[in-house]
Amino acid sequence: MEHYKIENLSFRYPNRENKAVDNVSFTVNTGEFITLCGKSGCGKTTLLRLLKPSLAPYGDLSGKIYFNSKVISETDSKEQASQIGFVMQSCDNQIVTDKVWHELAFGLESLGYSTPEIRTRVSEMASFFGMDTWFHKKVTELSGGQKQLLNLASVMVMQPSVLILDEPTSQLDPIAAQEFLKTLEKINRELGTTVILSEHRIEDAFSISDRVIVMDDGKIVADAKPQKVGEILKSLNHDMYLALPVPMRVYGAVENDFECPITVREGRAWLERYSDNHTLNSDFVPKSKRETNINAVIEVKDAYFRYEKDLPDVIKNLNIEINRGELFAIVGGNGTGKTTALSLMSGLNVPYRGDVFINGESISKVKNLYNGILGVLPQNPQSVFVKKTVYLDLMEMLSERKIPSEEKEGMIKNISALCRIDNLLDSHPYDLSGGEQQRAALAKVLLMSPQILLLDEPTKGIDAHFKYILADIISDLKAKGITVVMVSHDIEFCAEYADRCAMFFDGNFTSVGEPREFFAGKNFYTTCANRMARTVLPKAVLADDIIRACGGKVQTITHIKPPEIILPNINKTENKKPQHKKIRPLRIVFGSILTLLFIITCIYQLLIDNPISMWIFQLISITEIAGAFICFFPQREFGAEAVLQCRDKRKLTKRTVAAALLILLAIPLTIYIGIIYLQDRKYYFISLLIILETMIPFCMIFESKRPQAREIVTISVLCAIAVAGRAAFFMLPQFKPVVALVIIGGVCFGGETGFLIGAVTGFVSNFFFGQGPWTPWQMFAFGIIGFIAGVLFQKGLLRKTKTSLCIFGAIATIIIYGGIMNPSSIIMSQDKLNFAMIKAAYISGAPFDLVHAVSTAFFLWFISEPMIDKLDRIKIKYGLIN
């Protein structure tokens, strides 16, 4: 029976020319274990996410995906959630609760299972995974391997028929990775669960796979049993051949008639059989070309470190000297202190005893440590990205260098070609795959031209082909006298390219040595080649060693020179500081007139005593100075270009017109009925009615489609931020960011959504400030501002500039919010109204309205651009409502 059937599937991300998935077709049968592999950026993650609709990216999709013989888009969302399990690459990104037991129960609670059923399933799954000893622990106390195992168990407790995993072992040490894959095999063999695994570390995955699918540039280049895939890749001379398990690569390089081995056990049996029939060359170890340099650039002496005073030491009596121009590799299990040791060498953490020396000087005394001395690539590459595009992030590293712009662009051109990111320069760093992010982060660090380079898991998420390129990069750096310190779980890479390797355990180095002597004889922290050949060739550490000993042909790696790169014009202009438009003479004339009128109005205010007149003239003076500011300081419109282009159609939809009638008629009528017939005592009931009436135009947005969780979550987050913002500034009367956030919501997502954000914020925030008859009034006042902002932006009357938004925000706060809330206080407290009461309400409320208007403009000035840029990017990336 087929679980999945994919027919001519193609997918392209917004604003990308090339397809991420290109005309892919294959089937997945019940109970199969399929490994999906390929170079970074080849489309693996995109393809896997398309197999689970709730995680599917937004873009141009064609072709068909069938799940259990039904089109997957027609499958019930509850069935998708329970039947299709997904484990992500980062173990921390998928954990949502604080305790292990609660994480296991969370999915079942969300699906609505009864408490007895949840208890039964959780206990059963905890026993199956051997989680008894850490069942009640906090998730923060778990190791990386335990966290990923918890993610797997949290998915399996829902009893899915298909399990999809996106590089789940990329952040695990070799032992934890092997244990995780053994658990996957157990799930597949004993429970019959179909497994689709994406993996760069395929040595262990091949042996448990029924089929292997290899992707390249969005296409499938091989789909067969593991042995057959090796033959296909070799015949194609494909780069992915270098990623095959060592036994398969050795088999392919040596002429023989035996069966192709996959596992270490099979490889050892093959080598013993081959050695019985052939004479092995004992002189297989090449002469070392490494030069010894005893000039230490990093010295750690008697260092101790702990993260908190009452916690145990993480680093214990650490002593090491690292020489100039060497690659020093640190290996060890998760949680042993490797990254912490690297943080001491980088100066990010300071030992409470002992010291760290850089070039003989205490690190605490080194000035401008990160200005050409140290460069650090952290374990999470996303932490180094701060700009909208990869190009801008690279240019940011050169911003303080006093060199011509042409030279800067040349440096970026060279580094992007070197790190193979030349086609990613106009992409947002967070939109890249894990391997692409790693390469972009490496390029950014290399632009610093450091003397010492500290790399934390630099090979994480990158393919085998780029590892050879990375090795060339490090080799060139070493030739220039640059020292590289690397923390890694990639044993094969360390064994082949490091000058010295060190085992880190329990806060200290337990052994240090050259790779061959370091890895020879170890059981777990050693290479696959050493485990395979130790009975016949105990000194063999690399696959090439076995190939030479067997008289085979060692494959040489040839790198193609990167093509000339033309940098995107849009990025070149974005790199420069925003250029304001040239002020035209007519603007100067109007600005001067408005400035003069502002001065005259201010003088006239000093001569009048009437409070009403003074309030009116204050409003006029604010309008005049705002107009003068716009004339003298024209600003560029921010936000994503693709979203700005969507405003070409200025007509309001029938849905928006209907929503306007509903909002302007039904909601005021509801408030009126509450006042007249319910004597303002049923304000909870009236508030809920307003929310329901607000939901009607919002739900009309989805007349042609079902709302997605990501759309509801985005709007909910905006409401939560507005409520939290109002509560955070409780000590400052009227100085609140609510109106600013409601305006941003209306501009980004339309008037209907703007009204919903305003109404919900007014209702929920009053749980903290106190509910009362004023709640419906506040809900309407906040909501109508968001609706008008969305309509004016759609019509082109309100623009995404700081000045335009601030002026609209200030005026809307005074006229709309103040115009509604000031008389509401009289209407709620008096049965008979007269003009004098309304007048007094406006006069007494004027100072508060001015403070509220200033605060709205203040918050819009500082938060509008980053928030709108972020929301517009989210809209484009996920195809959210407009």
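# Briefing: helices, cores and contacts in a predicted model

Helix 9, residues 246–253, is mostly covered, with seven of its eight residues buried. The model is predicted. The protein holds 31 helices and 20 strands. It has 882 residues, and 52% of them are buried. Take contacts between residues at least 6 apart in sequence: 70% of these join residues at least 24 apart.

**Helix 9 and its cover**

- The buried residues of helix 9 are Val246, Pro247, Met248, Arg249, Val250, Gly252 and Ala253.

**Helix 3**

- Helix 3 spans residues 100–110, and its buried residues are Val100, Glu103, Leu104, Ala105, Gly107 and Leu108.
- Helix 4 (115–128) and helix 5 (144–156) are among the elements that cover them.
- Gly112 follows helix 3 and has a positive phi, near 85°.

**Nonpolar cores**

- The largest nonpolar core has 56 residues.
- Ile743, Phe755, Ile785 and Leu805 have the most contacts inside this core.
- Elements giving two or more residues to it are helix 24 (654–676), helix 25 (683–700), helix 26 (709–728), helix 27 (738–749), helix 28 (751–769), helix 29 (774–795), helix 30 (802–829) and helix 31 (835–878).
- Helix 29 gives the largest share of this core, eleven residues.
- Apart from this core lies another, of 51 residues, including Leu447, Ile469, Met486 and Ala495.
- Leaving out residues up to four places away in sequence, Leu805 touches Phe638, Ile743, Val747, Leu798, Arg799, Lys800, Leu860, Ser864 and Ile868.

**Packing of helix 14 and helix 15**

- Two packed helices are described by the angle between their axes and the distance between the axes.
- The axes of helix 14 (residues 434–446) and helix 15 (residues 464–479) come within 13 Å and cross at roughly 10°.
- That angle makes helix 14 roughly parallel to helix 15, because angles under 35 degrees count as roughly parallel.
- From helix 14, Arg439, Leu442 and Leu446 take part in the contact.
- They meet Phe466, Leu470, Ile473 and Leu477 of helix 15.
- What classes of residue make up this contact of helix 14 with helix 15? There are six nonpolar residues, no polar ones and one charged.

**Thr169: a loop position**

- Thr169 sits in the loop between strand 7 (162–166) and helix 6 (174–191).
- Is Thr169 buried or exposed? Its relative accessible area is 1%, so Thr169 is buried, the cut-off being under 20%.
- Thr169 touches Ala177, Phe180, Leu181, Glu199 and Arg201, with residues up to four places away in sequence not counted.
- Thr169 and Gly461 are 292 residues apart along the chain, and their C-alpha atoms are separated by 9.6 Å.

**Thr340: a helix position**

- Thr340 belongs to helix 11, residues 338–346.
- Thr340 is buried, at a relative accessible area of 7%.
- Phe305, Tyr307, Val314 and Ile315 are in contact with Thr340, once its neighbours within four places in sequence are left aside.

**Val851: a partly exposed position**

- Val851 is in helix 31.
- Its relative accessibility is 37%. Val851 therefore counts as partly exposed, since that class lies between the 20% and 50% limits.
- Pro733, Gln734 and Phe735 touch Val851, again not counting residues up to four places away in sequence.
- The C-alpha atoms of Val851 and Gln734 are separated by 6.3 Å, although these residues are 117 apart along the chain.

**Cysteines**

- How many disulfides does a search of the whole structure find? The search finds zero.
- Cys42 is in no disulfide, and its nearest cysteine sulfur, that of Cys37, is 8.2 Å away.
- Cys42 counts as buried at 3% relative accessibility.
- Cys550 is buried as well, with a relative accessible area of 7%.

Terms used
Residues numbered from 1 in each chain as written. Predicted model: local features only at pLDDT ≥ 70, side-chain atom pairs only at ≥ 80, totals over all residues. Heavy atoms only, no water. Core = buried A, V, L, I, M, F, W, Y, C linked by side-chain atoms within 4.5 Å. Buried < 20%, exposed > 50% of the residue type's maximum accessible area, 1.4 Å probe, protein only. Helix = DSSP H or I, 4+ residues; strand = E, 2+ residues; numbered from the N terminus. Contact = heavy atoms within 4.5 Å. Axes fitted to C-alpha atoms, helices over the stretch in contact; angles between N-to-C directions. Parallel < 35°, antiparallel > 145°, perpendicular 65-115°, else oblique. Nonpolar A, V, L, I, M, F, W, Y, C, P; charged D, E, K, R; others polar. Disulfide = S-S within 2.5 Å.
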